[in-house]
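Student: I have a structure open and would like to learn how to read it. Could you walk me through some features?

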Amino acid sequence: MNTQKVDFIKSAANKKAFLRDGRHAVAFAGRSNVGKSSVINSLLNRKNYARVGATPGKTVQVNYFLVDGAYFIDLPGYGYAKVSKAEQESWGKLMESYLSSGSVSHIFMLIDIRHEPTAADKQMLEWIIYYGIPYTLIATKADKLSRSKRQQAANANAKLLGALPWALCYSAETGDGREELVARIGAIVNDSLSNAK
């Protein structure tokens, strides 16, 4: 997959605005402070393509990027304590309508390698499983741990989340894990195209 071929397409705030044009779509989901936008920017080799805010919770819509013919979807972050109850409810409705739309074929769910999954993380995984969407766990901020401890910590948190006990370790700071993630996304897109023929 050529991650240099990238264009921002649109932001969608409701179900009517979701794109359903037959292109393959992979989405990125995670807590507001998990480093989701940083991971997307790292994948694309861009500094500020996906917005990175000093305040967590900046992504409040479903953002579409076209990358080498497939969509990368930056989903709104969740679990930020300073967001009002009304905003939390609005987020929930938007996320459920997106996950139930049938327009996403794989979700990369991000968890912080240093911390145990939260109740919000567990709810997100339950939604993903409920709607039957294939997923891969990404353990972010891997550079904060020594190399010898990373995979063990990632796998332990995946197990605590209630998923299969494995997650891909990733650091947006150093690029560790980038090659593996780009290859995985490419394989997912290619498998989908092959199955569609």
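**Reading the model**

Tutor: Let's start in the sheet, where I138 stands opposite L168 in β7. Strands here are DSSP runs of E with at least two residues, helices are runs of H or I with at least four, and both are numbered from the N terminus. This is a predicted model, in which local features need pLDDT of at least 70 and side-chain atom pairs count only at pLDDT 80 or more, while totals for chains, interfaces and linings use all residues. Residues are numbered from 1 along each chain as its sequence is written, and side-chain values use heavy atoms, with hydrogens and water left out.

Student: What is the mean pLDDT of the chain?

Tutor: pLDDT is the predictor's confidence in each residue, from 0 to 100. Here the chain has a mean of 89, and 91% of its residues reach 70 or more. Over residues 52–57, though, the pLDDT is below 50, and that stretch has 9 contacts in the model beyond near neighbours in sequence. Contact means heavy atoms within 4.5 Å.

Student: In what order do the strands form the sheet?

Tutor: Strands of a sheet pair through backbone hydrogen bonds, either parallel or antiparallel. Two strands count as paired if DSSP finds at least two bridges between them. In this model, 7 strands make an open sheet with mixed pairing, ordered β1-β3-β4-β2-β5-β6-β7. β1 (6–12) and β7 (168–169) stand at the edges with a single partner strand each, so one side of each has no neighbour in the sheet. The pairing of β6 with β7 is parallel, over 2 bridges.

Student: Which residues of α3 are buried?

Tutor: An α-helix has 3.6 residues a turn, so residues three or four places apart point the same way. Buried means under 20% relative accessible area, exposed over 50%, and partly exposed in between (1.4 Å probe, protein chains only). In α3, the buried ones are D121, M124, L125, W127 and I128. Looking down the axis of α3, you find its buried residues within an arc of 155°, so they line one face of the helix. That arc is taken from the directions from the helix axis to the C-beta atoms. On the other side of α3, A119, E126 and Y130 are exposed.

Student: What do the buried residues of α3 pack against?

Tutor: They pack against β2 (25–30), α2 (85–99), β5 (106–112), β6 and α4. After α3 comes G132, with a positive phi near 65°.

Student: How many residues of α1 are buried?

Tutor: For α1 the count is 8 of the 9 residues, so this helix is largely enclosed by the rest of the structure. Among them are K36, S37, V39 and I40. Just after α1, N45 takes a positive phi of about 55°, and N45 is a residue other than glycine. You'll find N45 in the loop between α1 (36–44) and β3 (62–67).

Student: Is A158 buried or exposed?

Tutor: A158 is buried, with a relative accessible area of 0%. It sits in helix α4 (residues 147–161). Leaving out residues up to four places away in sequence, A158 touches I111, L137, A163, L164, P165 and W166. I111 is 47 residues from A158 along the chain, yet their C-alpha atoms are separated by 8.3 Å.
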